[in-house]
Amino acid sequence: MKPYIVPFEKLKATDVDLVGGKNASIGEMIGHLAALGVSVPGGFATTAHAYRDFLSRDGLDARIRDELAGLDVDDIGRLTEVGAKIRGWMLATPFPERLHRELIDAWRSMGQGAEFAVAVRSSATAEDLPDASFAGQQETFLNVRGEEHLLRCVHEVYASLFNDRAIAYRVHSGYDHESVALSVGVQHMVRSDLGCSGVMFTLDTDSGFRDVVFLTAAYGLGETVVQGAVNPDEYYVYKPALRANRSAILRRNLGGKAIKMVYAEPGSATRVRTVDVSEADRQRFALDEADVLELARQALIIEEHYGTPMDIEWGKDGSTGKIYVLQARPETVQSRAGRSIRRYTLKGRSRQLASGRSIGQRIGAGHARVITDLKDMSRVRAGDVLVADMTDPDWEPVMKRASAVVTNRGGRTCHAAIIARELGIPAVVGCGDATRTIADGQAVTVSCAEGDTGYVYEGMLEYDERNVELDALPEIPVRIMMNVGNPDRAFDFSRIPNRGVGLARLEFIINRMIGVHPRALLEYDKQSAEIKDAISRQIAGYADPVEFYVDKLVEGIAQIAAAFAPEPVIVRLSDFKSNEYANLIGGKAYEPHEENPMLGFRGASRYVDPAFKPCFELECRALRRVREQMGLSNVQVMVPFVRSLAEAAAVTSLLAANGLERGVNGLKLIMMCELPTNAVLADRYLEYFDGMSIGSNDMTQLTLGLDRDSGVVARLFDERDDAVKAMMAMAIRACKARGKYIGICGQGPSDHPELARWLLEQGIDSLSLNPDSVVETWMFLASAGG
């Protein structure tokens with residue numbers, strides 16, 4: 001007799017045809033990974049045999065087949081009508097007596113008592129269709145209690161195989177409806193309603209970068225995260241550091257977490273309800289460091305067992321503090337990406353209408369279709385930009401028509417984000433008020449090509465689109481490195497062929513991720529109430545103002561270093577000018593007014609100044625943590641704007657006093673060669689440094705006597721001027737004579753490929769280019785014969 005019910009512990013990964021991928025995976029983990037520390041709640045699964053025997057009752061399968069014959073699923077009205085009719089038939093058809101009896105017996109074997117609750121989930125199976133993906137298409141029921149409720153929910157899950165989105169998916173994918181069966185998983189509930197839950201992936205979901213675990217977390221049951229009803233906290237954990245038992249959390253982003261799903265009161269019509277999260281809880285992270293690392297370790301165990309990147313749902317029981325894995329499935333988007341990348345670049349910008357989390361690193365444009373009610377979905381036409389509060393699987397039939405998706409709510413693992421990645425369209429999620437700020441029918445451009453933040457601009461903007469075949473770049477006799485300032489783009493940029501980062505700027509991290517003057521944090525108690533309030537909002541989730549500054553520097557530096565490891569990442573110490581520092585929160589009280597900040601209080605002079613030295617020491621502390629605690633010793637340190645040999649001696653001594661001594665733990669100190677004195681006296685400066693990196697912007701302005709911020713003389717600015725080239729040639733010769741590193745990280749080679757070729761001819765070791773010019777410059781140098 002074919003089985004109708006199988007306990008999870010008796011299932012294995014090869015039982016997909018019997019119980020679907022989700023339930024087979026639960027059984028596989030319980031059977032093989034429990035001893036390794038992966039905790040999965042138990043339960044049972046109904047089989048495909050039980051489902052097919054149910055459909056054979058009263059000719060139900062034949063009626064369904066006839067009703068679906070010739071259905072045009074793009075006719076949303078007709079699709080809705082047919083789906084409702086079929087689901088009505090299924091709910092009116094009783095279970096076979098044997099299935100009814102075995103469901104009750106299996107339920108009773110799980111436990112007794114008022115606290116006994118289960119989750120009832122679908123697990124679709126498609127015979128001979130290994131690439132089919134049915135995730136999120138069928139119903140899920142939480143906090144199910146009692147036999148009658150269990151039977152009703154199993155019936156609802158069966159019927160959900162014929163909801164609108166599932167019917168449309170099978171038709172669009174070319175799958176025969178009769179080839180798909182349904183298994184139902186009945187699993188003990190984890191009391192994450194009292195704790196928290198979320199999703200994790202064993203790669204970066206946007207770039208496909210494999211050396212991180214990406215986690216999301218929010219309070220309460222996990223449906224709010226999966227549906228995109230909340231903006232969750234986000235964490236990146238660096239796998240090599242985790243395996244080496246080093247400090248491994250690369251990045252933390254505090255989410256809004258405005259609501260949570262909890263159990264409803266006993267006797268309520270519904271089993272779960274949504275409640276507001278207190279302001280205090282919203283302003284702290286849902287997970288502490290130990291929980292993040294425990295989750296990441298379990299994710300690694302699961303990935304290593306399956307041998308492929310994984311998509312995992314988890315929950316933390318608030319009553320016991322224990323962490324559970326609820327389900328796991330192979331990640332199906334980035335893990336299948338090929339060896340080419342598509343690049344999008346806006347040619348210009350217009351008025352910004354909304355912003356949120358960027359999904360997909362693409363650009364799309366069309367007329368906005370603001371949908372506030374599911375019944376209006378049919379208004380979305382091919383090429384429209386779908387704008388909604390949030391999406392769930394019911395929206396999938398029309399999402400396929402959209403050129404982009406914009407939502408008020410959701411994070412990077414919400415439904416809208418997942419489907420956008422699968423469809424290859426950009427999405428901006430978690431905007432907060434997009435349905436209010438974007439007008440229905442308005443022409444808009446959705447840009448997810450500018451980093452972690454995505455933008456919706458007014459009008460149809462022009463943009464460039466190109467495909468880069470990563471295996472097609474020929475060998476050239478120079479190392480191509482990259483200039484990277486935004487840590488959010490580092491994982492993506494690392495896919496471009498490179499030999500590391502020739503310039504990692506701290507300014508972006510300080511300006512965008514921190515936003516507060518370091519002295520205002522060091523002297524927090526002395527600030528006005530207004531400044532304190534602004535700082536408190538900025539450092540939400542972090543207990544100490546100074547540690548916030550160091551932690552954020554560590555996160556930004558580590559994310560870039562991890563993305564490019566083991567290649568060198570040359571981190572330039574902060575090179576803000578006084579007017580730029582003054583624009584940070586609390587900055588005006590600490591910065592002088594200078595007529596020409598470009599030539600003023602910056603670089604090495606600032607670091608050794610008694611007023612700024614405590615701030616500089618925070619940068620040193622961050623760099624030491626990245627190199628020593630996280631093991632990212634590929635980080636090298638670069639000192640900008642060194643005006644004299646005395647400054648060179650003073651700043652290298654100060655670095656050594658703060659634990660950054662040349663040669664210790666392989667540390668290399670590089671000097672920006674950007675003043676004429678650096679080139680003229682290059683041989684003597686090299687007594688203090690392990691090499692030089694030419695800053696062509698400052699070298700040009702100081703050699704030619706130009707203020708590069710002045711529009712009046714901007715036309716005279718040219719890095720290819722003979723005098724500038726003479727300075728660069730002097731520096732190259734000095735470094736080559738002493739066997740030390742010489743590269744260039746200025747704008748010149750990115751803008752002028754012929755200058756790049758001239759530098760190559762002079763014997764420069766590396767060209768550090770802006771990421772958008774790497775391929776063009778690379779091909780130019782190859783075509784020029786190297």
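Where in the chain is the place of Met630? In this predicted model, Met630 lies in the loop between helix H22 (613-629) and strand S26. Met630 has a relative accessible area of 3% and is therefore buried. Not counting residues up to four places away in sequence, Met630 touches Ala241, Arg246, Ser247, Ala248, Ile249, Leu250, Val554, Ala558 and Arg625. The C-alpha atom of Met630 is separated by 9.1 Å from that of Ala244, although the two residues are 386 residues apart along the chain.

Strand S26 belongs to a barrel into which eight strands close, in the order S23-S24-S25-S26-S27-S28-S29-S30, with parallel pairing. On average, and with direction ignored, neighbouring strands of this sheet are turned by 30 degrees against each other.

The largest nonpolar core comprises 160 residues, of which Val237, Phe564, Met692 and Leu767 touch the most other members. Helix H19 (residues 545-564) supplies the largest share of this core, namely 13 residues. Leaving aside neighbours within four places in sequence, the contacts of Phe564 include Met482, Val484, Phe493, Val501, Val569 and Asn634. A second, separate core of 45 residues has among its members Tyr4, Leu68, Val120 and Phe162.

Key:
Residues numbered from 1 in each chain as written. Predicted model: local features only at pLDDT ≥ 70, side-chain atom pairs only at ≥ 80, totals over all residues. Heavy atoms only, no water. Core = buried A, V, L, I, M, F, W, Y, C linked by side-chain atoms within 4.5 Å. Buried < 20%, exposed > 50% of the residue type's maximum accessible area, 1.4 Å probe, protein only. Helix = DSSP H or I, 4+ residues; strand = E, 2+ residues; numbered from the N terminus. Contact = heavy atoms within 4.5 Å. Pairing = 2+ DSSP bridges. Axes fitted to C-alpha atoms, helices over the stretch in contact; angles between N-to-C directions.
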